[in-house]
Each structure stands twice: as C-alpha cells, then as structure tokens.
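This briefing is meant to be read next to the sequence and the 3D view. Please keep both open while going through the points.

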Amino acid sequence: MSLPIKISTSELAALIDEHLGVKNLDKNRSWKVLDSPISGRGVFASRDIAAGEIILRDVALLAGPKTNDTANVNTCALCCCHLEGNALDVMCKNGCTLPLCRTCASSNRHFDECELLKDWRPKDRNKINSHILRLISIVRCVFLQDQQQKLLNALQANSDKYYMVELQKAVACFENFPRHKEMLEYFYRTICAFNTNAFEGNCQTAEGEIRVRGLFPLAGLVNHQCTPNADHHFEDGQTIVLTATRAIRQGEEIFTSYTKLLWSNVMRNTFLMVTKKFMCSCPRCLDPTENGTYLSALFCRAQGCKGIVIPVQTKTLQPDWRCTTCESVFPHSKMARYQDFALNTINNRINKGSVAEMITFINDMCPRFCPSSNYVLVEAKLNVIWRMSRPTTEEFNEDHLKCKERYKEEIVALLEKLGAGDCTLKKLITEEIL
C-alpha cells in the first residue's frame, strides 16, 4: 500500500527544481517532470537526447553507507570511506557510537548529528550497533529544511510492516528516543519513501570503491521498464548520473531498470512485487520469448521431447509453462522446482569451485539440465568473466581465455536482442572494467 501524497505534479516539479538549485540545473536540460500513465509521475525528454548523452545529475536528499544486519565498522557513516581498525578505533569518541573517519569525526557536518544521537542516549556506547547504523540515513531527515521535508513527503512511499519493525529495532537501541506520534510517523514515512525510491551502488573514491545508498528525488521519479532507455551510476556518494543508453525522442518517457537486465520475466516481476509492490507490463514482460532471448527457458519434461518450455503469459507470478516443440503445458509449481534445482546447483559451484572448475561445469554439465539461454547459466558466465577480470592467483590457459571471450560475445548478443543499447553491463563486459 502506498501512503497518500497531497501534491500536484507541477508542484513536485517546482520542488525538484529548488532541490537541484542553479548549480545542477542545465540551461539546455533534456528532461521535465510530467504526469505518467505508468505510476502517476515520471520524467520525460524535453528535447531529443542522443545515445550516450548525460540526461541529468541528481543530488541526494538523504544518503548513507549501505549496511546489513551486521554492523559495517569498515565504512564511515558520513562520507562512506573505508576505515581501518577495530570497532573501538573507528567509533566516534563523543558517544554517538557511529563509525567515522578522522576528518568526519571532527567536522561541523557531524556535530549536530552526534549531539542528537547522544541526546537519545544509546543503550550500549561500547559498540557499533547495526540498527543505529542502518537508521542513520533516515535520522538525517530531522535536519532537512521545510522545503526539503515537503519534497520528501511528496515522494511515493510504499508501506510495509517490515519497515515498522525496522524502526522499532532502532528505537529499542536508545533510552531516550522521541516517541511522540508525529515524530514516529515522520520517521516511518521517511523509511517507506527511502526504501521505495533509494538507489544503491558502488562509487570510486581516492581511497577505493565504496558502497552507498541514497534517496535521489528526481532520479527516484524515473519509472521502470525492463528494456530501459537510460542507465545510472554514482558519481560520488552524494551524486547520481543518468545517461541515455540509446537515442530518446522528445516527449518520450525516460526509463531505468529496477532489476538486473538478464533476469527472467518471472524473476524480475517477483523481485518488483516484493520490493516495489508492482508487476511490470512492458513489451518485454508480455513476450514469453523476451525478444527471442529465451532467458526463462527450461527443458521440456515430457517423455521423448527435447524442446524447451517458457511461461505462457506473464501477468501472474505463477504462470503455466508451454513447450515450444510438443506444446505440452506444465504447472508453475513443477517448473519452479526445476528452476530452483538449476539455481542451487549452479550457485553451489560458483561459491565452491575455482574458475577452471566453473568453466568445465558450465560447458560440460550445465547443458544436461539447463538450456544455454537460461538466466541462471547466463549469471554463471558473468561470474566467470568477473573473476577472470580481477587480480587473482589462479592461472588460466588458452582454452579458459577463449571461453571467457565466448561468454562475453554471448552476453553482448543477448543484450542486443533485448534492445538494451549501450547499457552499463555492456560497457563493463566489452571494455573489461567489470
């Protein structure tokens, strides 16, 4: 369920302009915020945009380190840089319990945040608490100015009982957390808006690669499509950049993908339903062959048939599957078990085997239980490319290198069939910057 929004699209567009400011508003800007048939609001091309052109830069309204249930003491809670030392070495010495680099620990930017957390009185000041670290991006909503708060409240916010549990866990970490209704409602809506719209990813700094998560109001308005015309990357921990992957005509809506491009129809829509509360109905999702890539394909289970089966229709998360050869129909429950077997088998090999063993497994074993086009096998090939492109002590012979090149060609061919244009994944593979 989405929490109510009481603001017009034109008012939202004005708040976006104010948020970006003169510095980030290009005089020849290529976008505008308009009503969208996809989800109410969207971003559209205000002029023709060339492939490879930067569409927009957006700055974070709220941002922080990407964390999980285990406290990430190796990342500064403010600038997200890498930290050296144990928890006591990197924890703020003033008692707020956040992990910080030396520069941020003594900065004016951290002072108010530190004072606030100390006033809330962390129950355990001798360790970094993962729940507090997860909440810090949300806590920063306290310091937003009136117009920024209005913009935050204008963003879509999908409600989820887990988000309330997340807030309750953080509240329990403090002795004096504000418990009045309005403040708790503000925090809860911020969590909902953050989890609905936030981007996460890697960005390069002078100290190396860092993992960040941020709420970008303009970029967050860009709707999803499974063959998008734009892609994004982090310029730094506070800035996201959208680039056109193909030419975009004036008046055309700008799309990014909220999922991995090479996931299957069912996999993508399951992810979208769980995380974003909607199912996609773009042309790719309505095509069981996915532009002839057959990323969903599994072997037919009918006796004597050597064909492949694909989902009959994709407007449900549990479609029937039909063989393209013998036309036998199988229930989703049966094919899901088959898909899970392939997924678990391949993932176990990825986690345990060397690259050489993975190549042998992909070439010799996988064709026995999984079509070469299946997205799980494609992910395995991507894993091999990634591992062979990183520094390693493993040695590779000529055959291994040939397999890597073949895998790259196969994946690029899939991306071209999908119409993905010059997407980031294609660049990563072809330019070997993966």
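Predicted model: local features only at pLDDT ≥ 70, side-chain atom pairs only at ≥ 80, totals over all residues.

**Open sheet**

- Three strands make up an open sheet, in the order β3-β9-β8, with antiparallel pairing.
- β3 (54-59) and β8 (230-236) are the edge strands; each has a single partner strand, so one side of each is left without a neighbour in the sheet.
- On average, neighbouring strands of this sheet are turned by 20° against each other, direction ignored.
- Five bridges join β3 to strand β9 (residues 239-244) in the antiparallel sense.
- Within β9, Ile240 is the residue that stands opposite Asp58.

- Strand β11 (residues 298-299) is paired with strand β12 (residues 308-311) over two bridges, in the antiparallel sense.
- Phe299 has Ile308 in β12 as its bridge partner.
- β12 also pairs with strand β13 (residues 321-323), again in the antiparallel sense, over three bridges.
- Here Ile310 has Arg322 in β13 as its bridge partner.

**Second largest pocket**

- The volume of the second largest pocket is about 420 Å³.
- Its lining has 22 residues, of which Ile38, Ser39, Asn223, His224 and Phe278 are the closest to the centre.

**Aromatic contacts**

- The structure holds 13 aromatic pairs.
- One of them is Phe199 with Phe216, an edge-to-face pair at 6.3 Å centre to centre and 75° between the planes.
- This pair links distant parts of the chain, 17 residues apart: Phe199 lies in strand β5 (residues 199-205), and Phe216 lies in the loop between β6 (208-215) and β7.
- Phe199 counts as buried because its relative accessibility is 9%, under the 20% limit; Phe216 is buried too, at 0%.
- Tyr258 and Phe278 form an edge-to-face pair, with 6.3 Å centre to centre and 80° between the planes.
- Tyr258 is in the loop between β10 (255-256) and α9 (265-276), while Phe278 is in the loop between α9 and β11, 20 residues apart.
- Tyr258 counts as partly exposed at 23% relative accessibility, and Phe278 counts as partly exposed at 26%.
- Phe278 is also among the residues closest to the centre of the second largest pocket.
- One aromatic cluster is formed by Trp120, Phe174, Phe177, Tyr186 and Phe187.

How values were computed: Residues numbered from 1 in each chain as written. Heavy atoms only, no water. Pairing = 2+ DSSP bridges. Helix = DSSP H or I, 4+ residues; strand = E, 2+ residues; numbered from the N terminus. 1 Å grid on protein atoms, 1.4 Å probe; cavity = no way out; pocket = protein on both sides within 12 Å on 5 of 7 lines; lining within 4 Å. Points joined across faces, edges and corners; volume = space filled by probe spheres on them. Axes fitted to C-alpha atoms, helices over the stretch in contact; angles between N-to-C directions. Phe/Tyr/Trp six-rings, centres within 6.5 Å; stacked < 30°, edge-to-face > 60°. Buried < 20%, exposed > 50% of the residue type's maximum accessible area, 1.4 Å probe, protein only.
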